[in-house]
Amino acid sequence: MRIARKFSGLCVLAMLAALSIGVVSATTPALAGPAPAIPPARQATGAALYDFAAENAKSEALDLDNLDPAVLREIFAHRRQRVLAAMPDESAMIVYATEAPQPRRLEFQVEHSENHDFIFLTGLEGLDSLDSALLLLPTPEKNWEVLYTSGDVEMIRTMTGIEEVKPLARLEEELSAAMTDFRDMRITQIRRWPLSAALAKAWGEDEKALYLNYPRFLRLGMPEPPRLEIFAKIERFSPEMDLRDAAGILDRVRMLHDAYSLASLRRAVAITHEGVVEGLSVIRPGMTELEAMETIDFVYRYRGAYLGFPTSVRAHGTAGGRETREIPEGYISFVPRSGARRVEAGGWIHIDTGASFSHHSADVQRNMPVDGTFTEEQRRYYEIVLDVQKTVISMVRPGVTWWELHNKAVEMLRDAGGYDRSYTYGIGHFIGMEVHDEGDYVTPLQPGMAMAIEQGLALPNGVRFALEDDVLVTENGYEWLSRDIPIEVADVEAMAARTSSFEPFVTKRRD
Ligand SMILES: [Mn+2]
């Protein structure tokens, strides 16, 4: 997904200068026993207990349509173990479920975004995650995993496989006792309040580290999420408390995808494939961008996915240029990405779209000549971008950095005719539970990371040739997840020539 914030097709100079600016662009009970010894360097990247080859092999065997609840519980238990292994000694983590989405500044809003950390660690969402929190505490004696819920304790225990499930009110009691009664932890207290005693012991009397899920997308001018009040109290009641953002650890665990994540991503890409093919093949002159968009979105929803971000269908006419208003900071959610503009014969279509399946989002850009056959000129520009796309994707492997990929695209676009001037965004981003996933964009790529590679060129008249693909970093290289979504000239033309499944519906509507 690329978010165009400025786009003016009226003046060539203005086009070149301000064409577009991309912005950021469990029946397995909780394992007891000593925390595994993990070298510090591995902790730093969240790679502890992560074996890409094993997860990738396991993902092939996962039947997403008939998931075994026991297998699912093991998957979430392993995620919690990975987080526990990545936590420093003498620290605890509390991840609160968050039912209210925070309005985002630079990105489109996805319904579940703010609750993704809790969903990632427990598998609970919707009503099952209301007023809940997960506490993680690694100690030499035991890895504590305690789930606090407002729901039925037995039901949540069965669903998650987490042994220690308690009413939410208990969290405040146990945390308060650990924070303030630690000087009085005699045998009676230790026997009656084992978790508080373990917390107090882990923390000691100074340098108490507590990781909390701070709002990921806070806007200072908006109402505060209720948990911030608790965080502020913790800080005031315990001067030694060092509150840290849990995302620092969770991001690095989340970005190395496990079997369930990989299977979900592959399904998201497969559903996106189907939506793109139906949506592009139904396009004909006279149809609006919104009509094409609805076809794509329908396919996603019908296949059990939702939108990773709003689908963009852009119809460029033969005269090129289209005008879009400049977007004030923080108002991206108000910007339509497909509109009432009608497709023109001889024109060019650019789409940017991605289904999200089981909270994992694809992100793909494709192009198509409205007439179904590339003109010589369209083909020339398209093949420049296609060549860059294939070259950059072929460079993906462990150890490569984002900048190396980006610089290659810029160099190739420049050498092809100065087209780097219209490439004003970046080569891509991690994909995962967010279409633009948070994570470590500095450390070189590692097996198990999933990314979107995007680049393109825009002509002075505003017509855009751009491609985006989803790629998985493997042990020795890459897997091009979206390879089958028509991208070769011949495949795009074949797609344009096919009869969309929506043909009878569209035709009927027009009679
Ligand atoms: Mn993207």
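Two strands count as paired here if DSSP finds at least two bridges between them. I kept that rule at hand while reading this predicted model.

**Entry: the sheet.** I looked up the strand order. The sheet is open, has six strands, and runs β4-β3-β2-β1-β5-β6. Its pairing is mixed. Next I checked the edges. I found β4 (164–167) and β6 (241–245) there, each pairing on one side only. I then looked up the twist, which averages 20° from one strand to the next.

**Entry: β5 and β6.** I turned to strand β5, residues 208–212. It runs parallel to β6, and five bridges join the two.

**Entry: the largest nonpolar core.** I counted members next. This core holds 89 residues. Which of them touch the most other members? They are Tyr382, Leu445 and Ile453. I also asked which helix gives the largest share. Helix α12 (residues 259–281) does, with 11 residues.

**Entry: Ile453.** I listed the contacts of isoleucine 453, leaving aside neighbours within four places in sequence. Among them are Val392, Ile393, Val396, Leu405, Ile427, Leu467 and Val471. Trp402 is on the list too, and so are Gln389, Glu468 and Asp469.

**Entry: a second core.** I noted a separate core of 25 residues. Its members include Ala92, Tyr96, Leu175 and Leu210.

How values were computed. Residues are numbered from 1 along each chain as its sequence is written. This is a predicted model: local features need pLDDT of at least 70, side-chain atom pairs count only at pLDDT 80 or more; totals for chains, interfaces and linings use all residues. Side-chain values use heavy atoms; hydrogens and water are left out. A nonpolar core is a set of buried Ala, Val, Leu, Ile, Met, Phe, Trp, Tyr and Cys residues joined through side-chain atoms within 4.5 Å. Buried means under 20% relative accessible area, exposed over 50%, partly exposed in between (1.4 Å probe, protein chains only). Helices (H or I, at least four residues) and strands (E, at least two) are DSSP runs, numbered from the N terminus. Contact means heavy atoms within 4.5 Å. Axes are lines fitted to C-alpha atoms, for helices over the stretch in contact, and angles run from 0 to 180 degrees between N-to-C directions.
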